[in-house]
Amino acid sequence: MRRPGLRTRVTAGFAVGALLVSAAMALLSYQVTERYLLDERERSAGRAVLSDAGIVRAGLSGDDPDELQVLRSLDTGANRRALLLREGVPYSRTVDSGLARNLPDSLVALVERGESGVQRVRINDRPAMVFGVPLGPSTALYEVDYLHELDRSLKALALVLTLAAAGTAGAGALLGWYASRRVLRPLSTVADAARDIADGRLSARLDPATEPDLARLAASFNRMVDQLSARMERDRRFAADVSHELRSPLQTLSSAASVLQRRSANYDERTGLAARLLVEEVDRFQELVTDLLELARSDQPADVAATDVAALARQVCRSRGLPAELVVVAPDAGSAWQVDRRRIEQVLANLVDNAQAHGGGAVAVRVGRDRDGHVLEVDDEGPGVGPADRDAIFDRFVRGRSAGARGNTEGTGLGLALVAQHVAAHGGTVRALDRPGGGARFRVVLPLEDA
(Lines give C-alpha, C1' and ligand atoms only; values in the text may rest on other atoms or scores of the structure.)
Protein backbone atom coordinates (compact mmCIF):
# COMPACT_ATOMS: atom_id res chain seq x y z
CA MET A 1 0.00 0.00 0.00
CA ARG A 2 1.18 3.47 -0.83
CA ARG A 3 2.12 5.49 2.22
CA PRO A 4 0.10 8.74 2.51
CA GLY A 5 1.97 11.95 1.87
CA LEU A 6 3.21 14.35 4.52
CA ARG A 7 0.42 16.85 3.82
CA THR A 8 -2.20 14.12 4.22
CA ARG A 9 -0.66 12.93 7.46
CA VAL A 10 -0.46 16.45 8.90
CA THR A 11 -4.09 17.13 7.93
CA ALA A 12 -5.21 13.80 9.40
CA GLY A 13 -3.22 14.49 12.57
CA PHE A 14 -4.90 17.86 13.07
CA ALA A 15 -8.33 16.33 12.39
CA VAL A 16 -7.81 13.41 14.81
CA GLY A 17 -6.36 15.72 17.46
CA ALA A 18 -9.27 18.14 17.15
CA LEU A 19 -11.73 15.23 17.24
CA LEU A 20 -10.18 13.74 20.39
CA VAL A 21 -10.09 17.10 22.20
CA SER A 22 -13.62 18.05 21.15
CA ALA A 23 -14.96 14.57 21.99
CA ALA A 24 -13.35 14.72 25.44
CA MET A 25 -14.74 18.20 26.05
CA ALA A 26 -18.16 17.16 24.78
CA LEU A 27 -18.21 14.09 27.02
CA LEU A 28 -17.08 16.07 30.05
CA SER A 29 -19.63 18.82 29.32
CA TYR A 30 -22.42 16.27 28.94
CA GLN A 31 -21.55 14.48 32.17
CA VAL A 32 -21.29 17.72 34.16
CA THR A 33 -24.54 19.07 32.71
CA GLU A 34 -26.36 15.77 33.24
CA ARG A 35 -25.23 15.53 36.85
CA TYR A 36 -26.14 19.15 37.56
CA LEU A 37 -29.61 18.87 36.02
CA LEU A 38 -30.36 15.58 37.77
CA ASP A 39 -29.17 16.89 41.10
CA GLU A 40 -31.27 20.03 40.71
CA ARG A 41 -34.27 17.96 39.72
CA GLU A 42 -33.74 15.65 42.67
CA ARG A 43 -33.50 18.55 45.15
CA SER A 44 -36.58 20.32 43.81
CA ALA A 45 -38.61 17.09 43.63
CA GLY A 46 -37.38 16.07 47.10
CA ARG A 47 -38.67 19.30 48.62
CA ALA A 48 -42.04 18.75 46.92
CA VAL A 49 -42.20 15.16 48.21
CA LEU A 50 -41.45 16.26 51.76
CA SER A 51 -44.20 18.84 51.50
CA ASP A 52 -46.63 16.21 50.21
CA ALA A 53 -45.57 13.87 53.01
CA GLY A 54 -46.51 16.53 55.56
CA ILE A 55 -49.92 16.96 53.96
CA VAL A 56 -50.57 13.21 53.89
CA ARG A 57 -49.42 12.75 57.50
CA ALA A 58 -51.79 15.49 58.61
CA GLY A 59 -54.66 14.02 56.56
CA LEU A 60 -54.17 10.57 58.10
CA SER A 61 -54.06 11.81 61.70
CA GLY A 62 -57.84 12.09 62.04
CA ASP A 63 -60.36 9.39 62.80
CA ASP A 64 -61.34 7.14 59.90
CA PRO A 65 -59.31 9.03 57.24
CA ASP A 66 -60.05 8.66 53.55
CA GLU A 67 -56.71 7.73 51.94
CA LEU A 68 -57.82 8.46 48.39
CA GLN A 69 -59.22 11.84 49.39
CA VAL A 70 -55.95 12.69 51.09
CA LEU A 71 -53.99 11.74 47.94
CA ARG A 72 -56.29 13.82 45.74
CA SER A 73 -55.43 16.85 47.81
CA LEU A 74 -51.83 16.64 46.63
CA ASP A 75 -50.60 18.85 43.79
CA THR A 76 -48.26 16.40 41.99
CA GLY A 77 -48.48 17.96 38.55
CA ALA A 78 -48.23 16.04 35.29
CA ASN A 79 -44.90 14.33 35.96
CA ARG A 80 -45.33 12.91 39.49
CA ARG A 81 -47.37 9.96 40.67
CA ALA A 82 -48.12 9.40 44.37
CA LEU A 83 -48.60 6.01 46.03
CA LEU A 84 -49.59 5.42 49.65
CA LEU A 85 -48.80 2.11 51.26
CA ARG A 86 -50.74 1.51 54.47
CA GLU A 87 -50.85 -1.81 56.17
CA GLY A 88 -49.53 -3.34 52.97
CA VAL A 89 -52.42 -1.92 50.92
CA PRO A 90 -51.47 0.45 48.03
CA TYR A 91 -53.55 3.57 47.44
CA SER A 92 -53.27 5.77 44.35
CA ARG A 93 -55.48 8.56 43.10
CA THR A 94 -55.06 7.23 39.52
CA VAL A 95 -55.74 3.82 38.12
CA ASP A 96 -52.16 2.59 38.02
CA SER A 97 -52.02 -0.97 39.28
CA GLY A 98 -48.44 -1.52 38.12
CA LEU A 99 -46.92 1.34 40.11
CA ALA A 100 -46.56 -0.65 43.33
CA ARG A 101 -44.82 -3.49 41.49
CA ASN A 102 -42.25 -1.08 40.02
CA LEU A 103 -41.03 0.20 43.36
CA PRO A 104 -37.36 -0.73 43.87
CA ASP A 105 -36.95 -3.39 46.55
CA SER A 106 -33.92 -1.67 48.03
CA LEU A 107 -35.87 1.58 48.45
CA VAL A 108 -38.84 -0.22 49.99
CA ALA A 109 -36.52 -1.94 52.46
CA LEU A 110 -34.93 1.41 53.36
CA VAL A 111 -38.31 3.05 53.98
CA GLU A 112 -39.48 0.09 56.10
CA ARG A 113 -36.49 0.71 58.36
CA GLY A 114 -37.83 4.24 58.90
CA GLU A 115 -35.46 6.13 56.58
CA SER A 116 -36.30 8.36 53.60
CA GLY A 117 -34.61 7.68 50.26
CA VAL A 118 -34.57 8.25 46.54
CA GLN A 119 -33.55 5.99 43.66
CA ARG A 120 -33.30 6.49 39.89
CA VAL A 121 -34.94 3.73 37.86
CA ARG A 122 -36.63 3.11 34.52
CA ILE A 123 -40.37 2.38 34.64
CA ASN A 124 -41.94 1.14 31.43
CA ASP A 125 -38.74 2.17 29.64
CA ARG A 126 -39.05 5.73 30.95
CA PRO A 127 -36.46 7.32 33.28
CA ALA A 128 -37.81 8.27 36.68
CA MET A 129 -36.91 9.09 40.30
CA VAL A 130 -38.70 7.19 43.06
CA PHE A 131 -38.89 8.93 46.46
CA GLY A 132 -39.89 7.09 49.62
CA VAL A 133 -40.87 8.77 52.93
CA PRO A 134 -41.97 6.80 56.04
CA LEU A 135 -45.10 8.29 57.66
CA GLY A 136 -45.51 5.92 60.59
CA PRO A 137 -45.80 2.25 61.46
CA SER A 138 -46.72 0.30 58.29
CA THR A 139 -47.40 3.59 56.44
CA ALA A 140 -45.20 5.18 53.70
CA LEU A 141 -45.58 7.64 50.88
CA TYR A 142 -43.90 6.93 47.55
CA GLU A 143 -43.76 9.40 44.67
CA VAL A 144 -42.50 8.64 41.16
CA ASP A 145 -41.13 11.68 39.28
CA TYR A 146 -40.90 10.90 35.56
CA LEU A 147 -37.92 12.49 33.78
CA HIS A 148 -38.99 12.22 30.13
CA GLU A 149 -38.70 16.00 29.55
CA LEU A 150 -35.26 16.08 31.12
CA ASP A 151 -34.32 12.98 29.12
CA ARG A 152 -35.32 14.72 25.86
CA SER A 153 -33.27 17.74 26.85
CA LEU A 154 -30.22 15.60 27.55
CA LYS A 155 -30.60 13.80 24.22
CA ALA A 156 -30.79 17.14 22.42
CA LEU A 157 -27.69 18.27 24.30
CA ALA A 158 -25.87 15.06 23.30
CA LEU A 159 -26.78 15.64 19.64
CA VAL A 160 -25.58 19.25 19.77
CA LEU A 161 -22.31 18.25 21.42
CA THR A 162 -21.77 15.45 18.84
CA LEU A 163 -22.33 17.88 15.97
CA ALA A 164 -19.99 20.36 17.64
CA ALA A 165 -17.31 17.66 17.97
CA ALA A 166 -17.71 16.72 14.30
CA GLY A 167 -17.56 20.38 13.28
CA THR A 168 -14.46 20.88 15.40
CA ALA A 169 -12.82 17.87 13.74
CA GLY A 170 -13.65 19.33 10.31
CA ALA A 171 -12.25 22.71 11.37
CA GLY A 172 -9.13 20.92 12.63
CA ALA A 173 -8.74 19.20 9.26
CA LEU A 174 -9.03 22.56 7.46
CA LEU A 175 -6.53 24.09 9.85
CA GLY A 176 -4.17 21.14 9.31
CA TRP A 177 -4.52 21.46 5.54
CA TYR A 178 -3.76 25.17 5.71
CA ALA A 179 -0.88 24.68 8.13
CA SER A 180 0.62 21.90 6.03
CA ARG A 181 0.47 24.13 2.96
CA ARG A 182 2.21 26.90 4.84
CA VAL A 183 4.81 24.55 6.30
CA LEU A 184 5.46 22.63 3.07
CA ARG A 185 5.50 25.69 0.80
CA PRO A 186 9.27 26.22 1.33
CA LEU A 187 9.85 22.54 0.55
CA SER A 188 7.81 22.95 -2.65
CA THR A 189 10.08 25.84 -3.57
CA VAL A 190 13.13 23.65 -2.94
CA ALA A 191 11.59 20.85 -5.02
CA ASP A 192 10.85 23.25 -7.91
CA ALA A 193 14.39 24.60 -7.82
CA ALA A 194 15.82 21.05 -7.74
CA ARG A 195 13.64 20.10 -10.71
CA ASP A 196 14.83 23.15 -12.66
CA ILE A 197 18.44 22.21 -11.93
CA ALA A 198 17.80 18.62 -12.98
CA ASP A 199 16.37 19.97 -16.25
CA GLY A 200 19.59 21.87 -16.86
CA ARG A 201 18.58 25.35 -15.64
CA LEU A 202 21.49 25.89 -13.29
CA SER A 203 20.51 29.51 -12.61
CA ALA A 204 17.75 28.37 -10.20
CA ARG A 205 18.35 29.60 -6.65
CA LEU A 206 16.47 29.92 -3.35
CA ASP A 207 15.81 33.27 -1.68
CA PRO A 208 16.89 33.02 1.99
CA ALA A 209 14.72 36.05 2.85
CA THR A 210 11.50 34.28 1.83
CA GLU A 211 11.52 31.90 4.80
CA PRO A 212 13.85 33.13 7.59
CA ASP A 213 13.52 29.79 9.42
CA LEU A 214 14.93 28.02 6.36
CA ALA A 215 17.68 30.54 5.64
CA ARG A 216 20.38 27.98 6.49
CA LEU A 217 18.83 25.41 4.16
CA ALA A 218 18.52 27.98 1.36
CA ALA A 219 22.14 29.11 1.80
CA SER A 220 23.41 25.52 1.78
CA PHE A 221 21.29 24.68 -1.26
CA ASN A 222 22.53 27.72 -3.18
CA ARG A 223 26.13 26.97 -2.26
CA MET A 224 25.70 23.38 -3.46
CA VAL A 225 24.23 24.57 -6.77
CA ASP A 226 27.03 27.11 -7.21
CA GLN A 227 29.65 24.41 -6.69
CA LEU A 228 27.83 22.04 -9.01
CA SER A 229 27.49 24.70 -11.68
CA ALA A 230 31.16 25.64 -11.37
CA ARG A 231 32.24 22.00 -11.61
CA MET A 232 30.05 21.39 -14.66
CA GLU A 233 31.41 24.54 -16.27
CA ARG A 234 34.99 23.40 -15.59
CA ASP A 235 34.22 19.98 -17.05
CA ARG A 236 32.55 21.53 -20.08
CA ARG A 237 35.43 23.94 -20.62
CA PHE A 238 37.98 21.12 -20.18
CA ALA A 239 36.21 18.92 -22.73
CA ALA A 240 35.95 21.84 -25.15
CA ASP A 241 39.60 22.82 -24.69
CA VAL A 242 40.83 19.26 -25.09
CA SER A 243 38.69 18.70 -28.16
CA HIS A 244 39.81 21.98 -29.66
CA GLU A 245 43.47 21.23 -29.02
CA LEU A 246 43.07 17.81 -30.63
CA ARG A 247 41.66 19.18 -33.87
CA SER A 248 44.97 20.42 -35.26
CA PRO A 249 46.96 17.19 -34.72
CA LEU A 250 43.96 15.23 -35.94
CA GLN A 251 43.85 17.21 -39.15
CA THR A 252 47.51 16.41 -39.63
CA LEU A 253 46.88 12.74 -38.92
CA SER A 254 43.91 12.76 -41.27
CA SER A 255 45.97 14.28 -44.09
CA ALA A 256 48.73 11.74 -43.54
CA ALA A 257 46.18 8.90 -43.40
CA SER A 258 44.56 10.04 -46.63
CA VAL A 259 48.00 9.91 -48.32
CA LEU A 260 48.49 6.37 -47.03
CA GLN A 261 45.02 5.41 -48.28
CA ARG A 262 45.68 6.73 -51.78
CA ARG A 263 48.89 4.67 -52.00
CA SER A 264 47.45 1.52 -50.38
CA ALA A 265 47.55 -0.27 -53.78
CA ASN A 266 51.35 -0.18 -53.65
CA TYR A 267 51.53 -1.92 -50.27
CA ASP A 268 51.52 -5.58 -49.44
CA GLU A 269 48.41 -7.10 -47.87
CA ARG A 270 49.39 -6.60 -44.21
CA THR A 271 50.59 -3.04 -44.73
CA GLY A 272 47.43 -2.18 -46.71
CA LEU A 273 45.22 -3.59 -43.95
CA ALA A 274 47.14 -1.55 -41.36
CA ALA A 275 46.72 1.59 -43.48
CA ARG A 276 42.95 1.03 -43.83
CA LEU A 277 42.56 0.45 -40.09
CA LEU A 278 44.54 3.60 -39.38
CA VAL A 279 42.34 5.65 -41.71
CA GLU A 280 39.14 4.26 -40.12
CA GLU A 281 40.30 4.97 -36.58
CA VAL A 282 41.47 8.49 -37.49
CA ASP A 283 38.04 9.19 -39.02
CA ARG A 284 36.34 7.80 -35.94
CA PHE A 285 38.62 9.87 -33.72
CA GLN A 286 37.69 13.00 -35.67
CA GLU A 287 34.00 12.18 -35.31
CA LEU A 288 34.50 11.68 -31.55
CA VAL A 289 36.22 15.05 -31.17
CA THR A 290 33.47 16.76 -33.16
CA ASP A 291 30.81 15.15 -30.95
CA LEU A 292 32.68 16.14 -27.80
CA LEU A 293 32.80 19.76 -28.95
CA GLU A 294 29.09 19.66 -29.70
CA LEU A 295 28.38 18.03 -26.35
CA ALA A 296 30.44 20.67 -24.54
CA ARG A 297 28.28 23.47 -25.91
CA SER A 298 24.97 21.59 -25.70
CA ASP A 299 24.26 23.10 -22.28
CA GLN A 300 23.79 26.52 -23.83
CA PRO A 301 20.18 27.80 -24.17
CA ALA A 302 18.37 26.92 -27.38
CA ASP A 303 18.37 29.62 -30.09
CA VAL A 304 14.68 29.37 -30.95
CA ALA A 305 13.26 30.52 -34.29
CA ALA A 306 10.48 29.52 -36.67
CA THR A 307 11.69 26.38 -38.52
CA ASP A 308 10.10 24.22 -41.20
CA VAL A 309 10.91 20.89 -39.54
CA ALA A 310 9.37 18.81 -42.36
CA ALA A 311 11.67 20.43 -44.95
CA LEU A 312 14.59 20.02 -42.53
CA ALA A 313 13.83 16.29 -42.18
CA ARG A 314 13.75 15.85 -45.97
CA GLN A 315 17.08 17.67 -46.25
CA VAL A 316 18.66 15.37 -43.63
CA CYS A 317 17.40 12.30 -45.50
CA ARG A 318 18.71 13.52 -48.87
CA SER A 319 22.13 14.34 -47.38
CA ARG A 320 22.40 10.69 -46.32
CA GLY A 321 21.31 9.23 -49.61
CA LEU A 322 17.79 8.42 -48.44
CA PRO A 323 14.66 9.34 -50.41
CA ALA A 324 12.81 12.44 -49.24
CA GLU A 325 9.58 10.40 -49.47
CA LEU A 326 10.73 8.67 -46.28
CA VAL A 327 9.41 11.72 -44.40
CA VAL A 328 5.71 11.49 -43.51
CA VAL A 329 4.07 14.73 -42.38
CA ALA A 330 0.77 14.62 -40.44
CA PRO A 331 -1.92 17.13 -41.47
CA ASP A 332 -1.88 18.78 -38.04
CA ALA A 333 1.92 18.97 -37.79
CA GLY A 334 2.07 22.71 -38.54
CA SER A 335 4.21 24.48 -41.09
CA ALA A 336 6.78 25.99 -38.68
CA TRP A 337 7.91 25.11 -35.17
CA GLN A 338 9.64 27.42 -32.71
CA VAL A 339 12.85 25.41 -32.26
CA ASP A 340 16.62 25.70 -32.54
CA ARG A 341 17.24 24.70 -36.17
CA ARG A 342 20.84 23.54 -35.62
CA ARG A 343 19.91 21.35 -32.65
CA ILE A 344 16.85 19.77 -34.30
CA GLU A 345 18.87 19.11 -37.47
CA GLN A 346 21.44 17.24 -35.41
CA VAL A 347 18.69 15.35 -33.56
CA LEU A 348 17.27 14.14 -36.88
CA ALA A 349 20.71 13.40 -38.29
CA ASN A 350 21.82 11.40 -35.27
CA LEU A 351 18.60 9.39 -35.14
CA VAL A 352 18.77 8.59 -38.85
CA ASP A 353 22.49 7.70 -38.57
CA ASN A 354 21.71 5.48 -35.58
CA ALA A 355 19.01 3.70 -37.58
CA GLN A 356 21.41 3.21 -40.51
CA ALA A 357 24.26 1.95 -38.32
CA HIS A 358 22.43 -0.19 -35.76
CA GLY A 359 18.82 -0.63 -36.90
CA GLY A 360 19.06 -2.03 -40.40
CA GLY A 361 18.22 1.35 -41.96
CA ALA A 362 15.56 4.00 -41.40
CA VAL A 363 12.14 3.10 -42.81
CA ALA A 364 10.14 6.19 -41.82
CA VAL A 365 10.61 9.68 -40.44
CA ARG A 366 7.33 11.11 -39.14
CA VAL A 367 6.56 14.73 -38.32
CA GLY A 368 3.33 15.27 -36.38
CA ARG A 369 1.59 16.53 -33.31
CA ASP A 370 -0.42 15.12 -30.42
CA ARG A 371 -1.81 16.36 -27.13
CA ASP A 372 1.66 16.33 -25.56
CA GLY A 373 3.28 18.56 -28.19
CA HIS A 374 5.19 18.38 -31.47
CA VAL A 375 6.31 14.85 -32.35
CA LEU A 376 9.27 13.51 -34.33
CA GLU A 377 9.59 9.76 -34.89
CA VAL A 378 12.30 7.75 -36.62
CA ASP A 379 11.58 4.05 -37.32
CA ASP A 380 14.05 1.35 -38.26
CA GLU A 381 13.73 -2.34 -39.11
CA GLY A 382 16.44 -3.67 -36.82
CA PRO A 383 16.21 -5.90 -33.74
CA GLY A 384 14.80 -3.08 -31.59
CA VAL A 385 15.93 -1.83 -28.21
CA GLY A 386 15.48 -4.06 -25.19
CA PRO A 387 13.65 -2.70 -22.12
CA ALA A 388 16.86 -2.85 -20.09
CA ASP A 389 18.63 -0.53 -22.58
CA ARG A 390 15.93 2.06 -23.26
CA ASP A 391 17.21 4.52 -20.70
CA ALA A 392 20.92 3.65 -20.77
CA ILE A 393 21.38 4.20 -24.53
CA PHE A 394 20.93 7.95 -24.02
CA ASP A 395 23.93 8.08 -21.68
CA ARG A 396 27.36 9.05 -22.95
CA PHE A 397 29.61 6.38 -24.46
CA VAL A 398 26.89 3.72 -24.21
CA ARG A 399 25.89 1.38 -27.04
CA GLY A 400 22.94 -0.98 -26.98
CA ARG A 401 23.38 -4.71 -26.45
CA SER A 402 22.09 -5.46 -29.93
CA ALA A 403 24.88 -3.49 -31.54
CA GLY A 404 27.51 -5.24 -29.46
CA ALA A 405 26.00 -8.64 -30.19
CA ARG A 406 26.50 -8.12 -33.91
CA GLY A 407 30.06 -6.99 -33.43
CA ASN A 408 29.18 -3.49 -34.55
CA THR A 409 31.57 -1.05 -32.87
CA GLU A 410 31.01 1.88 -35.22
CA GLY A 411 30.10 5.25 -33.77
CA THR A 412 31.32 7.16 -30.76
CA GLY A 413 28.57 6.35 -28.29
CA LEU A 414 27.68 10.05 -28.12
CA GLY A 415 25.04 10.33 -30.85
CA LEU A 416 22.01 9.51 -28.72
CA ALA A 417 23.45 11.40 -25.74
CA LEU A 418 23.54 14.50 -27.97
CA VAL A 419 19.95 13.82 -29.00
CA ALA A 420 18.90 13.72 -25.34
CA GLN A 421 20.81 16.94 -24.58
CA HIS A 422 19.32 18.86 -27.52
CA VAL A 423 15.80 17.66 -26.77
CA ALA A 424 16.18 18.58 -23.08
CA ALA A 425 17.34 22.06 -24.11
CA HIS A 426 13.88 22.48 -25.71
CA GLY A 427 12.13 21.13 -22.60
CA GLY A 428 11.12 17.96 -24.45
CA THR A 429 11.56 14.22 -24.04
CA VAL A 430 12.96 11.38 -26.15
CA ARG A 431 12.15 7.67 -25.74
CA ALA A 432 12.97 4.41 -27.45
CA LEU A 433 9.89 2.28 -28.18
CA ASP A 434 8.98 -0.91 -29.98
CA ARG A 435 7.92 -0.35 -33.57
CA PRO A 436 4.74 -2.18 -34.60
CA GLY A 437 5.87 -4.97 -36.90
CA GLY A 438 9.41 -5.11 -35.51
CA GLY A 439 12.28 -2.72 -35.11
CA ALA A 440 12.75 0.36 -32.95
CA ARG A 441 10.96 3.69 -32.86
CA PHE A 442 12.65 6.75 -31.41
CA ARG A 443 10.01 9.28 -30.38
CA VAL A 444 10.84 12.92 -29.66
CA VAL A 445 8.17 15.16 -28.09
CA LEU A 446 8.75 18.92 -27.99
CA PRO A 447 6.45 21.27 -26.06
CA LEU A 448 4.01 23.43 -28.01
CA GLU A 449 4.84 27.12 -28.36
CA ASP A 450 1.72 28.28 -26.46
CA ALA A 451 2.62 26.02 -23.53
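**Note on a surface patch and an enclosed strand**

1. Phenylalanine 14 is partly exposed, because its relative accessible area is 34%. Partly exposed lies between buried (under 20%) and exposed (over 50%), with a 1.4 Å probe and protein chains only. Phenylalanine 14 sits in helix H1, residues 6–59. Helices (H or I, at least four residues) and strands (E, at least two) are DSSP runs, numbered from the N terminus.

2. This is a predicted model: local features need pLDDT of at least 70, side-chain atom pairs count only at pLDDT 80 or more, and totals for chains, interfaces and linings use all residues. Residues are numbered from 1 along each chain as its sequence is written, and side-chain values use heavy atoms, without hydrogens and water.

3. Helix H4, residues 148–198, gives the largest share, 3 residues.

4. Strand E1 (residues 80–86) has 5 of its 7 residues buried, so the rest of the structure largely encloses it.

5. E1 runs antiparallel to strand E5 (residues 139–146), joined by 7 bridges. Strands pair if DSSP finds at least two bridges between them. E1 also pairs antiparallel with E2 (residues 89–91), over 3 bridges. Leucine 84 has bridge partners leucine 141 in E5 and tyrosine 91 in E2.

6. The E1–E2 hairpin has 2 residues between its strands. There, glutamate 87 takes a positive phi near 55°.
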